[in-house]
Amino acid sequence: MKTYQQLWQSLTPLYDAGEAQAIVRTVLDVKYGMTLTDIICGKVNELSADEGIKLEEIINRLQKGEPVQYVLGQADFAGRTFHVEPGVLIPRPETAELCQWIVETQNESVKKNKEYLSKEIGIKEGETVILDLCTGSGCIAITLSLEIPNAKVWGIDISEDATDIAAENAVRLGSRASICTENIFDLLQKAKENRVDELFGIVDIIVSNPPYICEKEKADMEKNVLDYEPDIALFVPDEDPLKFYRAIAEFASLQLRHKGLLYFEINPLYEKETREMLEGFGFRDIETKEDSFGKKRMMRATKK
């Protein structure tokens with residue numbers, strides 16, 4: 001059986017030493033319940049023959065570049081563990097920051113104004129209706145449903161594989177978020193034909209982390225992302241980088257209530273263009289927020 005040092009060193013062709021160590025520690029924790037103290041004390045060498053074989057299989061998958069989240073079938077997000085597998089985008093820390101921004105803004109708004117929602121729009125007083133478009137694993141929808149009191153949340157994605165996983169995550173994490181399969185462009189057409197109210201009614205918040213990476217950016221991306229994560233959740237044509245943002249913004253202009261909020265995770269390369277597009281659909285008070293890496297990653301706009 002290889003030692004802990006031998007295990008993480010076997011991953012250094014793909015990862016730097018610190019990341020390789022973190023990946024192996026995560027595997028040993030999740031699969032074998034080992035703490036850092038256990039690892040330091042050499043308990044890796046006390047694994048049974050069967051456990052050792054399974055660990056070698058895991059390391060072999062990691063050496064090929066498969067993300068550890070897919071290998072383990074789980075990813076941590078905003079303090080919770082979500083099931084993930086190939087076919088669904090792995091949740092990122094930046095997206096958790098977007099959720100935090102929404103939760104803090106909404107809870108503060110409710111605190112300031114007990115009658116945040118007017119009765120005229122047909123929603124129970126105190127209930128906040130939220131749509132998460134391109135929901136993937138459901139990480140945004142489920143987090144918001146659990147963190148915002150009286151939130152009625154819908155998670156929507158074009159991929160049945162993704163919505164199956166999101167629905168499973170909702171049940172396992174005790175969320176009442178509703179998950180459904182829908183193409184955003186079909187949803188936009190229904191909104192134009194006034195056929196969406198029967199599904200969601202008037203909406204208070206729309207949030208989306210849509211595909212936003214241009215094909216030309218592939219050269220700068222990690223192999224484990226390119227080879228394993230779903231293209232449908234990542235890429236847009238070079239000639240139309242705002243393809244999904246435009247459709248979602250138009251949909252939001254039709255379905256958000258007065259002063260409803262639209263949140264995006266954005267491509268920093270197109271922050272200016274995204275802002276101008278939102279202004280074109282009549283959104284105001286547009287604010288860009290940097291993520292913890294200092295990149296312009298989040299945007300909020302108000303319908304007026």
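**Close-up views of a predicted model**

**View 1. Trp-8 and its contacts.** Beyond its neighbours within four places in sequence, Trp-8 is in contact with Ala-17, Ala-20, Gln-21 and Val-24. The model shown is predicted. Trp-8 belongs to helix 1, residues 4-9. Its relative accessible area is 14%. That is under 20%, so Trp-8 counts as buried. Glu-94 lies 86 residues from Trp-8 in sequence. In space, the C-alpha atoms of Trp-8 and Glu-94 are 26 Å apart.

**View 2. Helix 2 packs with helix 4.** Helix 2 spans residues 17-32 and helix 4 spans residues 49-63. Their axes are 12 Å apart, at an angle of about 140 degrees. The two helices are therefore oblique to each other. Helix 2 and helix 4 form a right-handed crossing. From helix 2 come Ile-23, Val-24, Val-27, Leu-28, Lys-31 and Tyr-32. They meet Glu-51, Lys-54, Leu-55, Ile-58, Ile-59 and Leu-62 of helix 4. Nine residues of this contact are nonpolar, three are charged and none is polar.

**View 3. Helix 11 packs with helix 12.** Helix 11 covers residues 243-255, and helix 12 covers residues 271-280. Here the angle is about 25 degrees, with the axes 10 Å apart. Helix 11 is therefore roughly parallel to helix 12. The crossing of helix 11 and helix 12 is right-handed. Helix 11 brings Tyr-245, Arg-246 and Ala-249 to the contact. Helix 12 meets them with Thr-274, Met-277 and Leu-278. Four residues of this contact are nonpolar, one is polar and one is charged.

Note on methods. Residues numbered from 1 in each chain as written. Predicted model: local features only at pLDDT ≥ 70, side-chain atom pairs only at ≥ 80, totals over all residues. Heavy atoms only, no water. Helix = DSSP H or I, 4+ residues; strand = E, 2+ residues; numbered from the N terminus. Buried < 20%, exposed > 50% of the residue type's maximum accessible area, 1.4 Å probe, protein only. Contact = heavy atoms within 4.5 Å. Axes fitted to C-alpha atoms, helices over the stretch in contact; angles between N-to-C directions. Parallel < 35°, antiparallel > 145°, perpendicular 65-115°, else oblique. Left-handed = near helix turned anticlockwise from the far one by under 90°. Nonpolar A, V, L, I, M, F, W, Y, C, P; charged D, E, K, R; others polar.
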